[in-house]
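Let's take a walk through this structure together, one neighbourhood at a time. Keep the viewer open as you read.

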Amino acid sequence: MTAMQDPIEWADFERVALCVGTVMKVEAFPQARKPAWKLWVDFGPHGTRKTSAQIVSLYSAEDLVGRQIVGVINFPPKQIGGFLSEFLLTGFHTDAGVVITTVERPVPNGTRMA
């Protein structure tokens with residue numbers, strides 16, 4: 001079996017806090033090794049958190065502000081250059097770049113994926 005086929009227990013999935021949030025602010029991140037944005041996302045009761053995301057090939061800052069995204073909010077913070085990333089923006093790698101995970105209709109910020 002490959003890692004993609006190894007079964008996990010429901011309890012493993014429950015430990016991952018996948019939550020929806022709204023992008024509030026986007027800034028360029030020129031210090032990043034690869035082109036990236038700095039994002040600030042409102043996760044409702046979980047607060048506003050920031051991250052660095054290598055998604056500039058598919059998304060402008062204007063495309064992102066106001067959009068609801070899905071993030072993992074219970075990883076420990078990670079220092080990326082001089083910037084502290086506080087959540088993981090989820091997405092799917094494609095030949096054109098990373099396509100971010102979004103919701104198909106509005107959901108209250110902070111709602112956890114079921």
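**Strands, a loop and a pocket**

Phe92 has Val99 in S9 as its bridge partner. Strands here are DSSP runs of E with at least two residues, numbered from the N terminus, and two strands pair if DSSP finds at least two bridges between them. This is a predicted model, in which local features need pLDDT of at least 70, side-chain atom pairs count only at pLDDT 80 or more, and totals for chains, interfaces and linings use all residues. Residues are numbered from 1 along each chain as its sequence is written, and side-chain values use heavy atoms, with hydrogens and water left out.

Stay with that pair for a moment. S8 and S9 run antiparallel, joined by 4 bridges, and a hairpin of 2 residues links them. Val99 belongs to strand S9 and counts as partly exposed because its relative accessibility is 33% (buried means under 20% relative accessible area, exposed over 50%, partly exposed in between, with a 1.4 Å probe and protein chains only). Beyond its neighbours within four places in sequence, Val99 is in contact (heavy atoms within 4.5 Å) with Leu58, Tyr59, Gly91, Phe92 and Thr94. Leu58 is 41 residues away from Val99 in sequence, yet their C-alpha atoms are 7.3 Å apart.

Now step back to the loop between S7 and S8, where you will find Thr90. Is Thr90 buried or exposed? Thr90 counts as buried, because its relative accessibility is 17%. A polar atom of its side chain lies 2.8 Å from the backbone oxygen of Val70. Leaving aside neighbours within four places in sequence, the contacts of Thr90 include Leu18, Gly71 and Ile100.

Strand S4 (residues 68–72) pairs with S7 in the antiparallel sense over 2 bridges. The two belong to an open sheet of 5 antiparallel strands, in the order S3-S2-S1-S4-S7. S3 and S7 are the edge strands, each pairing on one side only.

Finally, look for the largest pocket, which holds about 770 Å³ of space. A pocket is an open set of points on a 1 Å grid over the protein atoms alone, where a 1.4 Å probe fits, with protein on both sides within 12 Å along at least five of seven lines; lining residues have an atom within 4 Å of a point. Volume is the space filled by probe spheres set on the points, which are joined across faces, edges and corners. Of the 28 lining residues, Ser52, Ala53, Gln54, Ile80 and Leu88 are the closest to its centre.

Definitions and conventions:
Polar contact = N/O pair within 3.5 Å; in protein donor to acceptor, adjacent residues only side chain to side chain.
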